Every structure is written in C-alpha cells, then in structure tokens.
Amino acid sequence: MDEQIRRQLRRWAEQYNTKSFIKDDPVQFPHRYKMKQDVEISAFLTAWISYGRRPNILKKAEELHQIMGASPYNWLMNNGINSFSSYKTKDPSIRDTFYRFYTYSDLESLCVRLKEIYQIHESLEDALATVPYSEPIRKMQELFSGINGIPVVNGNSACKRLAMFLRWMVRQDEIVDFGIWKSVVKPCQLLIPLDTHVYQISMELGLTSQKTASMKAAREITEALDKVFPGDPCLGDFALFGYDINK
C-alpha cells in the first residue's frame with residue numbers, strides 16, 4: 001500500500017468516524033441506552049441479526065427493541081423472554097421465522113443464554129474474562145457456543161458480527177464506538193468486521209491475498225490496517241466505508 005492510499009484512508013476514517021454516522025447504522029440501537037448492561041444486550045442482539053440489507057436489519061432491530069422497551073436488561077431479567085411465545089406459530093408444520101434463517105426459538109435460546117450469563121456475572125465483559133481463550137473472538141464463540149448464528153470455535157468463518165460487536169464495545173474514542181470494555185479486550189486485539197463487501201474493497205486495495213472472506217483474510221486485512229492505524233486497526237473500518245462511498 002503506497003503512502004497516498006494510507007493518507008487517504010486516514011482522511012476517510014476521520015471523515016466518517018463521527019456522530020453523524022450513527023443515525024443510519026445498526027449501532028444506533030445501543031446508543032439509546034446508558035447503563036452498561038443495556039448497551040451490551042442491545043449491541044449483541046443487534047449485531048447477531050446484522051445479515052443482509054441495512055434497511056431490513058434496521059427494521060427488524062427496531063421491532064426487537066420495541067419488544068424490549070426502555071431497558072433490555074430489566075426486560076431480560078424479569079422474564080421478558082416469555083413474550084416470545086406469543087410470536088411463535090402454533091402450527092408445528094410452519095417455521096416460526098424471526099429474521100432470515102433465525103427462528104423465534106433461536107432468539108429465545110440466545111436470550112436465555114444471556115440471562116444465564118447475567119445471573120452469574122455483573123456484565124458480559126466480566127463473563128468474557130472467565131473464558132480461557134486468548135483471542136476475543138474465540139472467547140465470544142465459546143461463551144455463546146451452540147447458539148444459531150455463532151460460528152464454531154476454530155472454524156473458517158470471519159465472524160463478522162462478533163467482530164463488529166467487539167468493535168462497538170472496545171474501541172476507545174467514544175464517538176461511534178462505546179469503549180465501555182476497559183479490561184478484557186484491547187483495541188489492538190480487535191479484528192476487522194469482514195463481510196463479502198468489505199472483503200472486495202480490501203482486495204481492491206491489496207490488503208489481502210486470500211481467495212475468500214475467511215478468518216485468515218480478516219487477520220491479514222487487520223494486520224494491514226494496523227500499519228495505517230497503529231494500535232487501533234478497526235478505525236480502518238470507517239476508512240473502508242469511506243473508500244466505498246467515495247469510489
């Protein structure tokens with residue numbers, strides 16, 4: 001990557017890592033809350049459903065947050081999960097679809113796991129500290145293993161949604177990202193949230209030589225971005241967004 005591209009990426013990161021970015025992005029939902037647990041739950045569930053076109057993601061996330069109300073944490077811990085039963089189909093031959101390939105049963109399973117975690121730990125960050133893996137993505141995969149939509153540990157998935165959630169929680173500038181996790185994960189440990197689109201942009205810029213949008217590609221791209229944004233490679237996520245917009 002030549003110096004001209006590096007400078008342009010830094011300019012785009014500065015241009016798009018602003019408060020105005022929030023209103024059109026899924027990160028808007030956890031920004032509705034102040035309490036750490038509310039932010040964690042809102043962010044994790046929003047990241048979990050972040051498949052497909054952005055308008056569809058925003059619509060479904062809005063529906064989910066209307067169900068959870070003013071405090072996702074209070075909703076979760078006070079048996080709000082039971083409300084999902086009214087959304088499920090009563091006909092066993094009909095799939096109780098929640099969003100794309102997720103069912104309401106999948107959503108219920110995820111919320112039950114979250115509730116179990118908060119019954120033991122003060123926060124999701126505290127729970128992550130108890131997982132023995134060194135890589136943050138692996139910690140998340142272990143903590144939520146067996147849940148539909150959570151890639152298996154040591155698989156080839158780039159784990160885009162987990163990487164996005166971690167970016168929201170960990171990056172410290174507190175502009176778009178929250179930076180509320182201070183101890184378990186550092187910004188330098190984050191991986192770029194890699195989907196097919198970001199992968200194609202990264203290929204154009206020569207940030208990876210991998211043939212697919214895999215975990216190995218995510219690591220290569222993150223390493224390349226760390227040379228542009230030392231110690232904070234996921235600031236490059238905004239730069240790649242800017243590259244795509246301006247292209």
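Which residues lie nearest the centre of the largest pocket? The legends below start there. This is a predicted model, where local features need pLDDT of at least 70 and side-chain atom pairs count only at pLDDT 80 or more, while totals for chains, interfaces and linings use all residues. Residues are numbered from 1 along each chain as its sequence is written, and side-chain values use heavy atoms, with hydrogens and water left out.

**View 1. The largest pocket and its lining of 31 residues.** Arg54, Lys160, Met164, Asp195 and Val198 are the lining residues nearest the centre. On a 1 Å grid over the protein atoms alone, a pocket is an open set of points with protein on both sides within 12 Å along at least five of seven lines, a cavity is a set where a 1.4 Å probe fits but cannot get out, and lining residues have an atom within 4 Å of a point. The volume here is about 670 Å³, taken as the space filled by probe spheres set on the points, with grid points joined across faces, edges and corners. α3 (54-68), α8, α9 (196-205) and α11 (236-246) each put in at least two lining residues, and α11 has the largest share, with six. Helices are DSSP runs of H or I, at least four residues, numbered from the N terminus. Sort the lining by class and you get 17 nonpolar, five polar and nine charged residues. For the classes, Ala, Val, Leu, Ile, Met, Phe, Trp, Tyr, Cys and Pro count as nonpolar, Asp, Glu, Lys and Arg as charged, and the others, Gly among them, as polar.

**View 2. The second largest pocket, with Cys188 among the residues nearest its centre.** This one holds about 210 Å³ of space. Its lining has 15 residues, and Glu135, Cys188, Gln189, Leu190 and Leu191 lie nearest the centre. α7 (136-143), α8 and α10 (215-228) each give two or more residues, with the largest share, four, coming from α10. Cys188 itself is partly exposed at 48% relative accessible area (buried is under 20%, exposed over 50%, partly exposed in between, with a 1.4 Å probe and protein chains only). Its sulfur sits 11 Å from the closest cysteine sulfur, in Cys234, so that is too far for a bond. The structure holds zero disulfides (pairs of cysteine sulfur atoms within 2.5 Å).

**View 3. The largest cavity, with about 80 Å³ of space.** The count comes to one cavity of 30 Å³ or more. Phe44, Ala47, Trp48, Gly149, Ile150, Pro151, Cys159, Lys160, Arg161 and Leu162 line the largest cavity. α2 (36-48) and α8 each supply at least two of the lining residues. By class, that's seven nonpolar, one polar and two charged.

**View 4. Phe165 in the largest nonpolar core.** The core has 85 residues, and Phe144, Phe165 and Trp181 have the most contacts inside it. Helix α8 (residues 160-170) gives the most to this core, with eight residues. A nonpolar core is a set of buried Ala, Val, Leu, Ile, Met, Phe, Trp, Tyr and Cys residues joined through side-chain atoms within 4.5 Å. Leaving out residues up to four places away in sequence, Phe165 touches Glu40, Ala43, Phe44, Ala47, Leu124, Met140 and Trp181 (contact means heavy atoms within 4.5 Å).

**View 5. Gly155 in the loop between α7 and α8.** Gly155 is partly exposed, with a relative accessible area of 27%. Its C-alpha atom is 21 Å from that of Arg113, 42 residues apart along the chain.
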